[in-house]
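I opened this model to go through it place by place. These are my notes in the order I looked things up.

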Amino acid sequence: MTEQSPALDNLLTESRTFPPSEAFAAKANATADSYAEANEDREAFWARQAERLHWDTKWSQVLDWSDAPFAKWFVGGKLNVAYNCVDRHVEAGHGDQVAIHWVGEPGDTRDITYAELQREVSRAANGLISLGVTARDRVAIQLQMIPEAIIAMLACARIGAMHSVVFGGFSPSALRQRVDDAQAKIVITSDGQYRRGKAAPMKANVDEALAGAESVEKVLVVRRTGEDDVPWNNGRDLWWHELVEAQSDQHTPEAFDSEHPLYILYTSGTTGKPKGILHTSGGYLTQAAYTHHAVFDHKPGEDVYWCTADIGWVTGHSYIVYGPLANRVTQVVYEGTPNTPHEGRHWEIIQTYKVSLYYTAPTLIRTFMKWGADIPAKYDLSSLRVLGSVGEPINPEAWMWYREHIGGNRCPIVDTWWQTETGSIMISPLPGVTHTKPGSAQRPLPGISAKVVDDAGNEVGKGGGGYLVLDKPWPGMLRGIWGDDERYRETYWSRFSEQGYYFAGDGAKYDADGDVWLLGRVDDVMNVSGHRISTTEVESALVSHPTVAEAAVVGATDPTTGQGIVAFVILRGDVAEDQARGDAAIQELRNHVSKEIGPIAKPRQIMVVPELPKTRSGKIMRRLLRDVAENREIGDVTTLADSSVMDLISSGLKSGSDE
């Protein structure tokens, strides 16, 4: 990872910086002193963050790392996660504050106050108890973005049961894998979900998944679309509303150990079965709440926050449910897609609810760019004051568009790096403190220690590239892979076992200022004639060209160079419609990349496509594009937001020829 083409250093160097305004800095939650404070005594720093929560029993030791790589944080401390997210706000007199502004895809809405949320979570907790669910039992949840999804998660946390949320778009086989691995006792789903204006069934898929699943005792079904012909298994299936509404709205939460397991969330492995990432209670909630407070500059009772992720992903767990609610947030939760019923839907919601903190994915930002700046320009976005980015590295072009057209050239942008495994944000600018830089996540947060190292585990210097590692434990870290301690050690700790580093699987580099630039997964670093070239770098070069709306780059096996660079691009406007102009545009793009990075990075092939294959969380599925580039049979498409995209790509390709 250390050998870079010299020209690559030129691309990931950014001279534009944007200091915070004096007015913003004066009121910011974060201060520049917090870095030094955390460096001086990390454990004392995290103890202060933990004290922002309510503990029934205080801890006796901040960190026990004696059984590394298995951490224990706030040893001996006891708390209830749901109490911290709901009840304590009601008891403090904030019961009338709206916790959730929920917006359904068809346009129906619900506002849920903290007092109402407390009653709903208590009823759901009592409902689960009536079904025999006890602490440490597993409950699988496959729901779309409806309030019951959040209520179900909090109800599990309240009674000490572990939830395993499965993304609503996953296939029956993917759900079954997760149910079997966790040995889930209860499954919670809905009759159907709205997608792009139509009701799509969910219960039938769940039934298919659960055929013969011996661990599952009951299936709770939320009525959402009201379909008449919902398949039903008498004796196993129950309507959520019939069970929950019959329960008392009073429930006294029990305090659990800081290391009590909170949830399992499965993340796909490159090979083998999905990995069940295990998170526990005290350390995870401490870091999720602190990072939400500091990175988004959240002011309780003043801000309206919106994270556009799905709760099926870790971003939804940490930055829709646990971190924000622990901080007494008022937030928007939206069920639908960004272009239903029109392409201004997000901006309309921001205008209606006066959203001030907005957190979304770079792929969605690039989609908004493709749709055109004239769309957000129709709406009043003046309520916005912090913009966030999550999911993959954001290219400088998209960063600048986001700042100008969404943030009105005034909002700090927090480009956040973290993973399912880290539990919370690890590297990010701090609004009010950091002079932000387009395309760079910049530096680890206070209390977090990360380095870019070479193959031998030695930290590289400024301008150097390598592997991103975490060299000290952190409160929100995973506590293992469910049921497989050896796989945990092998997957995350074996690459740099001698040094004791956690290897994230991502490549990164330092720029001349020492700021961190993420290069994506190590798998996404191509080896072209011995030169290490990041897909992110080539994508950034392509998107910097005025004709390109979006780009995705993969390395394909090449008999001469080892790997060849293959790019998939969506062109702006009518360029793609005109065959002659399109062919000329492809050659121009190849030359543009050569000029921006160097001849070694010139794509072997550029394919013009109508869309890119994305998950519903907005991540581009590059492995599918690699299948196309290498003329292989297309792999599993069940996680795509729209599986027909791959048919479009396969049938409508135009490719630039080699020179």
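**Annotated positions**

I started with the record: an unreviewed UniProt entry lists V543, H545 and V548 under "binding site". UniProt positions are given in the numbering used here, feature names are shortened, and annotations may be inferred rather than shown by experiment. Before going on I noted that this is a predicted model, where local features need pLDDT of at least 70, side-chain atom pairs count only at pLDDT 80 or more, and totals for chains, interfaces and linings use all residues. Residues are numbered from 1 along each chain as its sequence is written, and side-chain values use heavy atoms, with hydrogens and water left out.

Where does H545 sit? I found H545 in the loop between α17 (535–543) and β27 (548–558). Helices (H or I, at least four residues) and strands (E, at least two) are DSSP runs, numbered from the N terminus.

Is H545 buried or exposed? H545 is buried, at a relative accessible area of 5%. For my own reference, buried means under 20% relative accessible area, exposed over 50%, and partly exposed in between (1.4 Å probe, protein chains only).

I then checked what H545 touches. Leaving aside neighbours within four places in sequence, H545 is in contact with E588, L589 and H592; contact means heavy atoms within 4.5 Å. The side chains of H545 and T547 also make a polar contact of 2.9 Å. That term covers a pair of N or O atoms within 3.5 Å; within protein, one must be able to donate a hydrogen and the other to accept it, and residues adjacent in sequence count only if both atoms are side-chain atoms.

Next came V548, which belongs to strand β27. V548 is buried, with a relative accessible area of 0%. Not counting residues up to four places away in sequence, V548 touches L542, V543, V569, I570, L571, R572 and L589.

The buried residues include E537, E539 and the listed V543.

**Nonpolar cores**

Which residues touch the most other members of the largest nonpolar core? I got L154, I188, Y322 and L325, out of 116 residues in that core. Such a core is a set of buried Ala, Val, Leu, Ile, Met, Phe, Trp, Tyr and Cys residues joined through side-chain atoms within 4.5 Å. Helix α7 (residues 147–159) gives the largest share of this core, 10 residues. A second, separate core has 29 residues, among them F18, I365, W371 and Y402.

Residues up to four places away in sequence aside, I188 touches L128, V139, A140, I141, Q142, L143, A152, L220 and W240.

**Sheet and hairpin**

I traced an open sheet of 4 strands, in the order β21-β22-β23-β24, with antiparallel pairing.

Between β21 and β22 (residues 465–470) I found 4 bridges, in an antiparallel run; strands pair if DSSP finds at least two bridges between them. A450 stands opposite L470 in β22.

Strands β9 (residues 192–195) and β10 (residues 198–201) also run antiparallel, joined by 4 bridges. G192 has P201 as its bridge partner in β10. This hairpin has 2 residues between the strands, and R196 takes a positive phi near 55 degrees there.

I noted two cis peptide bonds. One runs from A68 to P69, with omega near 10 degrees, and P69 is in the loop between β1 (61–67) and β2 (70–75). Another joins T340 and P341, with omega about 0 degrees; P341 lies in the loop between β17 (331–334) and α13 (345–353).

Q183 is not a glycine, yet has a positive phi of about 55 degrees. Q183 lies in the loop between α8 (172–182) and β8 (186–190) and counts as partly exposed at 44% relative accessibility. Q442, also not a glycine, has a positive phi of about 80 degrees. I placed Q442 in the loop between β20 (413–415) and β21, where Q442 is buried at a relative accessible area of 2%.
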